[in-house]
There are 2 protein chains.
Amino acid sequence: MPEIAVQREDTRTLVLDAALKLFTDRGYFATSVHDISRTAGVSVGSIYHHFGDKEGLARALYTTLTARMLQLIDEIERQMDSSHDRARELVTRLFVLTETQPQAMAFMLYARHREFLPDEPPVCSSRPFARIREMVSRGMARGEIRQMDAMVASTCLFGGSIRMITARLDGILPHPLPTYLDEVWTCAWRAVAAS
Amino acid sequence: MPEIAVQREDTRTLVLDAALKLFTDRGYFATSVHDISRTAGVSVGSIYHHFGDKEGLARALYTTLTARMLQLIDEIERQMDSSHDRARELVTRLFVLTETQPQAMAFMLYARHREFLPDEPPVCSSRPFARIREMVSRGMARGEIRQMDAMVASTCLFGGSIRMITARLDGILPHPLPTYLDEVWTCAWRAVAAS
DNA sequence: GTCTATATCATGATAGAC
DNA sequence: GTCTATCATGATATAGAC
């Protein structure tokens with residue numbers, strides 16, 4: 001049963017993949033539904049049938065990728081115990097993800113969702129980011145991280161890494177992100193560590 | 001030579017102010033030239049006369065704000081000596097600027113210029129950011145900052161502050177940025193300090 | 001230099017056959 | 001569910017009077 005449908009991939013994912021590629025390459029507004037239709041090899045009518053309108057397509061993409069990110073955080077919290085190890089693992093995984101799936105990362109934390117998803121909250125207050133702040137708060141309660149405003153702590157702990165990711169996505173970093181992992185993490189942890 | 005034109009503000013600045021406001025509020029693509037015309041109280045024809053096309057208007061905005069940022073850095077470098085003092089002063093000034101001129105800050109480091117200014121390099125490789133990296137490199141040469149990749153150092157030193165600024169622009173920080181200055185700066189400097 | 005009116009065109013979205 | 005053909009809207013940009 002698994003290998004039977006090789007002839008044609010599922011229409012929805014075909015469209016979502018094309019949309020992700022075009023939205024991140026050219027931007028949401030510079031991409032027409034006809035462009036997506038051509039790239040995906042799916043008719044305009046089918047796209048509207050599945051997603052309602054262009055914004056619905058963007059929303060589907062957003063929720064899909066957000067869910068994937070939450071899943072990643074869950075996995076890390078199951079595997080690691082201390083805030084230190086969890087945070088380091090998260091940065092590691094994000095760096096790898098940026099290299100293997102740059103469009104997904106770009107859409108998650110670089111796209112201006114406010115402009116085309118007006119009802120969606122800003123990324124930083126989305127659920128994955130809330131989960132990350134909780135992780136940091138527990139670290140303060142456990143004495144691993146210095147006492148300070150929770151928002152400040154999580155921003156300072158991950159700010160450098162996130163900027164490295166956007167720099168890489170912009171093409172201004174010569175080497176793959178994992179190359180810089182040790183140096184970046186040393187800085188990040190020094191910023192907030194209790195000791 | 002200088003016509004005392006106090007009666008009516010210069011058309012160019014009238015248009016640039018309106019464009020900045022609308023671009024940052026609604027986004028570049030959601031803003032039509034007619035919107036700008038209405039908000040500025042200047043006809044569409046005049047706008048095209050002065051800026052050529054919509055993209056030319058965005059470019060004028062971009063270069064104006066970039067120049068202002070360079071001027072700020074110059075001023076700081078004249079006033080302060082050590083990398084520590086310069087970096088701290090820069091963060092201080094950026095925090096204040098975010099409160100007093102949020103649109104200008106949003107346009108500088110939050111807008112996706114790539115989408116509407118395809119020929120412009122990404123913000124992080126623009127001249128202000130290059131100047132900041134030089135500042136950090138000198139700090140390493142002087143022994144104030146630990147030896148590491150220059151890009152990593154400047155990203156980790158300013159990454160947290162920049163994320164705080166974008167968080168504030170997104171409206172998810174309850175207090176004005178200067179409230180958080182001491183905590184943020186302590187983290188930032190610990191991240192890269194030599195001692 | 002500034003204005004109004006208009007030309008041109010691409011886009012989001014729909015209709016309706018299969 | 002998928003497709004082609006088409007509509008309606010609103011955008012950028014221009015023409016030409018003042």
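What is the handedness of the crossing of helix 1 of chain B and helix 2 of chain B, right-handed or left-handed? The legends below take up this point and others in a predicted model, in which local features need pLDDT of at least 70, side-chain atom pairs count only at pLDDT 80 or more, and totals for chains, interfaces and linings use all residues. Residues are numbered from 1 along each chain as its sequence is written, chains are lettered from A and ligands numbered from 1 in the order in which they are written, and side-chain values use heavy atoms, with hydrogens and water left out.

**View 1. Helix 1 and helix 2 of chain B.** Helix 1 (residues 11-26) of chain B packs on helix 2 (residues 33-40) of chain B at an angle of about 125°, and their axes are 9 Å apart. Axes are lines fitted to C-alpha atoms, for helices over the stretch in contact, and angles run from 0 to 180 degrees between N-to-C directions. Helix 1 of chain B is therefore oblique to helix 2 of chain B (under 35 degrees counts as roughly parallel, over 145 as roughly antiparallel, 65 to 115 as roughly perpendicular and the rest as oblique). The crossing of these two helices of chain B is right-handed (the near helix is turned clockwise from the far one by less than a right angle; anticlockwise is left-handed). Among the residues of helix 1 of chain B that meet helix 2 of chain B are Leu14(B), Leu22(B) and Arg26(B); the partners include Asp35(B) and Ile36(B). Contact means heavy atoms within 4.5 Å. By class, this contact of helix 1 with helix 2 of chain B has eight nonpolar, one polar and two charged residues (Ala, Val, Leu, Ile, Met, Phe, Trp, Tyr, Cys and Pro count as nonpolar, Asp, Glu, Lys and Arg as charged, and the others, Gly among them, as polar).

**View 2. Helix 6 and helix 9 of chain B.** The axes of helix 6 (residues 102-109) of chain B and helix 9 (residues 150-169) of chain B come within 11 Å and cross at roughly 125°. Helix 6 of chain B passes helix 9 of chain B in a left-handed crossing. Pro102(B), Met105(B), Ala106(B) and Leu109(B) of helix 6 meet Ile162(B), Ile165(B), Thr166(B) and Leu169(B) of helix 9. Seven of the residues in this contact of helix 6 with helix 9 of chain B are nonpolar, one is polar and none is charged.

**View 3. Helix 5 and helix 9 of chain A.** Helix 5 (residues 83-100) of chain A and helix 9 (residues 150-169) of chain A pack at about 5°, with axes 10 Å apart. The two helices, helix 5 and helix 9 of chain A, are therefore roughly parallel to each other. The contact includes Leu90(A) and Phe95(A) of helix 5 and Phe158(A) and Arg168(A) of helix 9. Its residues divide into 10 nonpolar, two polar and two charged.

View 4. Chain A has 10 helices and zero strands (DSSP runs, H or I of at least four residues for helices and E of at least two for strands, numbered from the N terminus). The mean pLDDT of chain A is 93, and 96% of its residues reach 70 or more (pLDDT is the predictor's confidence in each residue, from 0 to 100).
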